[in-house]
Amino acid sequence: MPDGTPTLKDISAKTGYGLSTVSLALRKPEALKPKTVAAIRQAADELGYRPNPMVSALMTQVRTRRSQVGQTTLGLISLFGKPGQHGQFSNAYYSLIYRALEQAADATGYRVDEFFLGKEPLSGARLTQILKTRGIRGIILFPGRDDGLSVYPELDWSAFSTVLIGYNPLLTHFNQVVSDYYYDIDCALRKVDEAGLKRVGFAITRRVDDHTNQRWASRFLYFQQRTPKRDQVPVLISETDLEHRAAVAPWYFKHRPEVILVAGSGVQGNLRDAGVRVPEDVRLINLVQRDEPGMAGINPFTEELGRAAIEQLASQLQSNQVGLPAYPAVISIKGVWSPGTSFPEPKTFAV
């Protein structure tokens, strides 16, 4: 606050929420979880934030004009077999992104037209024609896929502003919005170090490893290079979910890690079924902690990926940035530590 006047950035820094979330909480609170709105508004009150009436008036005019002339349509291209708005994603990661993306689009005067290609794939030329005919200039490439389709069609990218959500080794020439997996696992490993634990395990599936573009695994292996040989625990990366469920308990009994870094709450159940107590026998850190009861770990703020994608695409459209960028930019969303009983803080843990 260089001039003493608090801003949205100050509220964002105080709460850890992104600018788009802070703005939405103050303008359209019904679009967010009540606890998120309460935290942001409390921080705003503590900082003494007051909206600038001139800016508020200007944004009201902008939104009014948009509603009068009709909403600009954005194209959402996914490789799933049915639309996100009607289908239930099996993974919360995609559901959180989708809902946040729709909310952010609506709040900023856009509507989303979804093209789900997993059911009926289209050629790049045909999809380009459809998008142009509908007057769609902005495109979001949605992460994930059904098993039958693995690549996006090759469009005439020179006609569109495009943002990619997530990592895709085949698509490195777009502006991207991603989770900061390096930062998140470093945050978890700092907690391990503060607790004085030496034998650290890492157990995920190949699907999750690919999803993070091997960022967790590579960072963990780098961490292990600085760990004495006697304390190193072999990484467990299973090819399938079924194989993972069968492998976790034998791997634990063989190597006896003091703490395991995992993705989701499945490992906790696998260990419990084998008679392993959490946290008495082994502690767990969930690298994607999304309200799983009792799990400590990293809240990756997955919904911020959807909001940031809309912000990025809107900026490109407003400045008429079409085609492939000369210098692709990556916006990384950092997670924060979320305490839980699976990893008691050092001062409260008793053997």
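How many nonpolar, polar and charged residues does the lining of the largest pocket have, by class? I kept this question for the pocket entry below.

**Entry 1: ground rules**

I am working with a predicted model, in which local features need pLDDT of at least 70, side-chain atom pairs count only at pLDDT 80 or more, and totals for chains, interfaces and linings use all residues. Residues are numbered from 1 along each chain as its sequence is written, and side-chain values use heavy atoms, with hydrogens and water left out.

**Entry 2: overview**

I looked up the secondary structure and found 12 helices and 12 strands. Helices (H or I, at least four residues) and strands (E, at least two) are DSSP runs, numbered from the N terminus. The protein has 351 residues, and 48% of them count as buried. Buried means under 20% relative accessible area, exposed means over 50%, and partly exposed lies in between, with a 1.4 Å probe and protein chains only. I then looked up contacts, meaning heavy atoms within 4.5 Å. Of the contacts with a separation of 6 or more, 71% join residues 24 or more positions apart.

**Entry 3: the largest pocket**

I noted how a pocket is defined: on a 1 Å grid over the protein atoms alone, it is an open set of points where a 1.4 Å probe fits, with protein on both sides within 12 Å along at least five of seven lines. Lining residues have an atom within 4 Å of a point. The largest pocket holds about 1500 Å³ of space, where a volume is the space filled by probe spheres set on the points, and grid points are joined across faces, edges and corners. I found 50 residues in its lining, and Asn91, Tyr94, Arg207, Val208 and His211 lie nearest the centre. Elements giving two or more residues to this lining include H5, strand E3 (138-145), helix H8 (206-211) and helix H10 (241-255). H8 gives the largest share, four residues.

Now the opening question: the lining has 21 nonpolar, 19 polar and 10 charged residues. In this count Ala, Val, Leu, Ile, Met, Phe, Trp, Tyr, Cys and Pro are nonpolar, Asp, Glu, Lys and Arg are charged, and the others, Gly among them, are polar.

**Entry 4: strand E5**

Two strands pair if DSSP finds at least two bridges between them. E5 pairs with E4 in the parallel sense over three bridges, and asparagine 175 in E5 is the bridge partner of valine 163. E5 also pairs in the parallel sense with strand E11 (residues 330-333), over four bridges. There, serine 179 stands opposite isoleucine 333 in E11.

**Entry 5: nonpolar cores**

A nonpolar core is a set of buried Ala, Val, Leu, Ile, Met, Phe, Trp, Tyr and Cys residues joined through side-chain atoms within 4.5 Å. I found 64 residues in the largest one, and Phe202 and Leu261 have the most contacts inside it. H5 gives the largest share of this core, eight residues. A second, separate core has 17 residues, including Leu79, Ile136, Leu141 and Phe160.

I followed leucine 261 further.

Alanine 107 lies in H5 (residues 92-107) and counts as buried at 8% relative accessibility. Alanine 107 and leucine 24 are 83 residues apart in sequence, but 7.5 Å apart in space, C-alpha to C-alpha. Leucine 24 is one of the buried residues of helix H2 (residues 19-27). H5 is among the elements that cover the buried residues of H2, as is helix H12 (303-318).

I looked up a cis peptide bond, which runs from valine 278 to proline 279 with omega near 10°. Proline 279 is in the loop between H11 and strand E9 (283-286).

Asparagine 213 has a positive phi, near 60°, and sits in the loop between H8 and helix H9 (215-225). Arginine 256 also has a positive phi, near 50°, and is partly exposed at 45% relative accessibility.
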